[in-house]
Amino acid sequence: MKNVFRSQLSSLRQKKNLSQEALAQKLYVSRQSISKWEHGDSEPDIAKLISLSEILAVNLDFLISGQQSHDDLIVQLQHISKKFKQAVLKDINLTVYGRDRIALLGANGSGKTTIVNTIVGLVTPDSGKVSRFLDPHEDLSVLTQENMLIESLQVQEHVMLSAKIQNQFSPAFVTEMIAKFGLGEQARVTISQLSGGQRRKVALLISLLKPSKLLILDEPTVGMDLESIDFFWHYLDHVGGSVMTITHDFNQIDQYFTRVVLLKDGVIAADESVATIHSNNQTIEQWYRLANQ
Ligand SMILES: Nc1ncnc2c1ncn2[C@@H]1O[C@H](COP(=O)(O)OP(=O)(O)OP(=O)(O)O)[C@@H](O)[C@H]1O
Ligand SMILES: [Mg+2]
């Protein structure tokens, strides 16, 4: 392991603009330890290796061997619990891998949004561990259940601003995305004057501006008309990376997802591959109705 690991460590550290001192502080070790690891004079223990993979936002295999595993770990939730007035999440264990397309299903109030907000970092769990093998600023795109839009901007201004923030700006790209999402006629309309479905389309468009390692969509199609919903699922089919979507849009999801996760009574009641569901001659909706009884 020594040769690959030591060069991986030093190059990944430099990519993250971390000095040996800064990395040492994050790991609660001395700077000399980091220096020894990078020279191959000693090796970190497994707990430090795991912490290193989180800090450097790579999976463990890649850190140690320099090779990307086929099933990259993206996010791992271990024994997560969260209580508001009542216990919502009781013992959630969920692992998201590269190229997963997960439909997160469950009744209203079952805690779906709480799970994705825990992954994103908007909710702090009461107990359990969230491991993110990605850089939340670079590799994560999120559409929250409530639209987060700046009411006073025009659609075009908003998309331009968001594209600039995400380093995706070009005038042609902005115009193209607005047209694709059927918002051409609203380009100069102020957000506060849009209909509910139009606002959802703007928020969705913004969440899809940049390529990401993990895309999280919390009820993306709510309020949208049939034509826009069809367009959206078709568009999503061409998005790379892992996708986790909360949806009640059962008409569309059989073609799109590879995995369904059912949340019930505060735990993951089922986690099934769509291929298995289909091989039992079921649709996801039929599977869901039976599993969620
Ligand atoms: N910030 C909060 N403060 C208090 N209670 C909350 C908070 N967020 C969520 N809850 C409660 O936790 C439970 C789960 O909410 P959550 O939004 O995660 O459900 P959901 O599965 O996303 O539901 P829906 O399908 O309606 O979006 C609900 O009973 C809700 O009232
Ligand atoms: Mg929700």
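**Helix packing, core and local backbone features**

Val155, His158, Val159 and Ser162 of helix 7 meet Val202, Leu205 and Ile206 of helix 9, where a contact requires that the C-beta atoms of two residues, placed from the backbone, lie within 7 Å. By class, five of these contact residues are nonpolar, two are polar and none is charged; Ala, Val, Leu, Ile, Met, Phe, Trp, Tyr, Cys and Pro count as nonpolar, Asp, Glu, Lys and Arg as charged, and the others, Gly among them, as polar. The structure is a predicted model, in which local features need pLDDT of at least 70 and side-chain atom pairs count only at pLDDT 80 or more, whereas totals for chains, interfaces and linings use all residues. Residues are numbered from 1 along each chain as its sequence is written, while chains are lettered from A and ligands numbered from 1 in the order in which they are written.

Helix 7 spans residues 155-165 and helix 9 spans residues 196-207; their axes come within 10 Å and cross at roughly 20°. Helix 7 is therefore roughly parallel to helix 9. Angles under 35 degrees count as roughly parallel, over 145 as roughly antiparallel, 65 to 115 as roughly perpendicular and the rest as oblique. The axes are lines fitted to C-alpha atoms, for helices over the stretch in contact, and the angles run from 0 to 180 degrees between N-to-C directions. Helices (H or I, at least four residues) and strands (E, at least two) are DSSP runs, numbered from the N terminus. The crossing of helix 7 and helix 9 is right-handed, a term applied if the near helix is turned clockwise from the far one by less than a right angle, with left-handed used if it is turned anticlockwise.

Helix 2 takes part in two further packing arrangements, described in turn. With helix 3, it packs at an angle of about 110°, the axes being 8 Å apart. Helix 2 is thus roughly perpendicular to helix 3. In this contact, Gln20, Glu21, Leu23 and Ala24 of helix 2 meet Arg31, Ser33, Ile34 and Ser35 of helix 3. These residues comprise three nonpolar, three polar and two charged.

The axes of helix 2 (residues 20-27) and helix 4 (residues 46-55) come within 10 Å, with a crossing angle of roughly 120°. The two helices are therefore oblique to each other, and their crossing is right-handed. Leu23, Lys26 and Leu27 of helix 2 and Lys48, Ser51, Leu52 and Ile55 of helix 4 make the contact. Four of these residues are nonpolar, one is polar and two are charged. Asp45 is located in the loop between helix 3 (31-39) and helix 4. With 7 other C-beta atoms within 10 Å, Asp45 is exposed; a residue is buried if 20 or more other C-beta atoms lie within 10 Å of its own, exposed if 12 or fewer, and partly exposed in between, with C-beta atoms placed from the backbone. A distance of 12 Å separates the C-alpha atoms of Asp45 and Ile34, which are eleven residues apart along the chain.

The largest nonpolar core contains 64 residues, of which Ala103, Leu104, Leu214, Ile216, Val260 and Ile284 touch the most other members. Such a core is a set of buried Ala, Val, Leu, Ile, Met, Phe, Trp, Tyr and Cys residues joined through C-beta atoms within 7 Å. When residues up to four places away in sequence are not counted, Ala103 touches Thr245, Thr247, Ile253, Phe257, Val260 and Ile284.

Helix 6 (residues 112-120) is largely enclosed by the rest of the structure, because seven of its nine residues are buried. The buried residues are Lys112, Thr113, Thr114, Ile115, Val116, Thr118 and Ile119.

Glu219 has a positive phi of about 55° and lies in the loop between strand 6 (214-218) and helix 10 (226-236). Glu219 is partly exposed, with 18 other C-beta atoms within 10 Å.

Ala270 is placed in strand 9 (residues 267-273) and counts as partly exposed, with 17 C-beta neighbours inside 10 Å. Leu262 and Ala291 are touched by Ala270 when residues up to four places away in sequence are not counted. The C-alpha atoms of Ala270 and Leu105 are separated by 9.7 Å, although the two residues are 165 apart along the chain.
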